[in-house]
Amino acid sequence: MGNKVIHNRIPGDVVEFGVFKGGSASVLTRVFSACTSKKFWFYDSFQGHPTIDGELNPGMEVWQGKHIGHLEDAKLNVRALNPDVNENRLVWKKGFFNETLLEELPKLISYLHIDCDWYECHIDILDAVYDRVAWGGFVVMDDTGYYGFARAGLFHWIQKREMVVALRSTFGVDGGVGGGSHFWIKGFEGMFEHAQLDQPFWPGGANPPIA
């Protein structure tokens, strides 16, 4: 996906929500830094998961405050794989998303990676930055193949926007919504390939109200 952004000369920066220890941030920086002048915006609380709505994310309240990645560790990991990258190209945004999304945002995005787990986080992030994604840019959702509430957040946001997107699975044509990440390309809206909005996608089969 990153190579397609480079090959097609898609303008805009690289943005990740959910950095943890900097694993994917390191790879994204490696892919884009040498052959583009893009900046990298890395968003994470660096203090674990936020307080969440237990009804929208059933059974997951126990993870609040867990999975803590530390900012300095993430920086070290990115630097280890990218020793020559200019620090001025790395923008680290520490804080919960409902705080940092109110601050300065990238003007244009070529590659958006969302790894935020929770229903409401998907909606908040997409509301704030999707219109900044360039035509031909990639939107990558890390958790929608694993968690029903993550899919619900994405699908309800799509419904709210009255959009239909060509949602693809990183597991390939037969990947379905049962595993893997999902992505689509901005401007190439079409029919859903792996998920139907009229089918239940909430644990237990009952869809929650549209947010």
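Modeller: A polar contact is a pair of N or O atoms within 3.5 Å, where one atom must be able to donate a hydrogen and the other to accept it. The model discussed here is predicted.

Colleague: What makes the link between the side chains of H49 and W118 a polar contact?

Modeller: The side chains of H49 and W118 are joined at 3.2 Å. The cut-off is within 3.5 Å, so this value qualifies. The side chains of H49 and D117 are also joined by a polar contact, at 3.5 Å.

Colleague: Where is H49 found?

Modeller: H49 is in the loop between β2 and α3 (71-81).

Colleague: Why is H49 counted as buried?

Modeller: Its relative accessibility is 14%. Buried means under 20%, so H49 falls into that class.

Colleague: Which residues does H49 touch, leaving aside those up to four places away in sequence?

Modeller: H49 touches W63, Q64, G65, K66, H67, F96, D117 and W118.

Colleague: What is the sense of the pairing between β5 and strand β7?

Modeller: β5 and β7 (residues 182-185) pair in the antiparallel sense, over four bridges. M141 has H182 as its bridge partner in β7.

Colleague: What makes strand β1 mostly covered?

Modeller: Five of the five residues of β1 (residues 13-17) are buried. In a regular strand the side chains alternate between the two faces of the sheet. For β1, D13, V15 and F17 lie on one side and V14 and E16 on the other, and both faces are covered.

Colleague: Which strands does β1 pair with?

Modeller: β1 pairs with β4 in the parallel sense over five bridges, and V15 has L112 as its bridge partner there. β1 also pairs with β2 (residues 40-44), again in the parallel sense, over four bridges. In β2, Y43 is the bridge partner of F17.

Colleague: Why is the unit of β1, helix α2 and β2 called right-handed?

Modeller: The term applies because, with the strands pointing away from the viewer, the path from the first strand over the helix to the second runs clockwise. The unit of β1, helix α2 (residues 23-33) and β2 is of this hand.

Definitions and conventions:
Residues numbered from 1 in each chain as written. Predicted model: local features only at pLDDT ≥ 70, side-chain atom pairs only at ≥ 80, totals over all residues. Heavy atoms only, no water. Pairing = 2+ DSSP bridges. Helix = DSSP H or I, 4+ residues; strand = E, 2+ residues; numbered from the N terminus. Buried < 20%, exposed > 50% of the residue type's maximum accessible area, 1.4 Å probe, protein only. Contact = heavy atoms within 4.5 Å.
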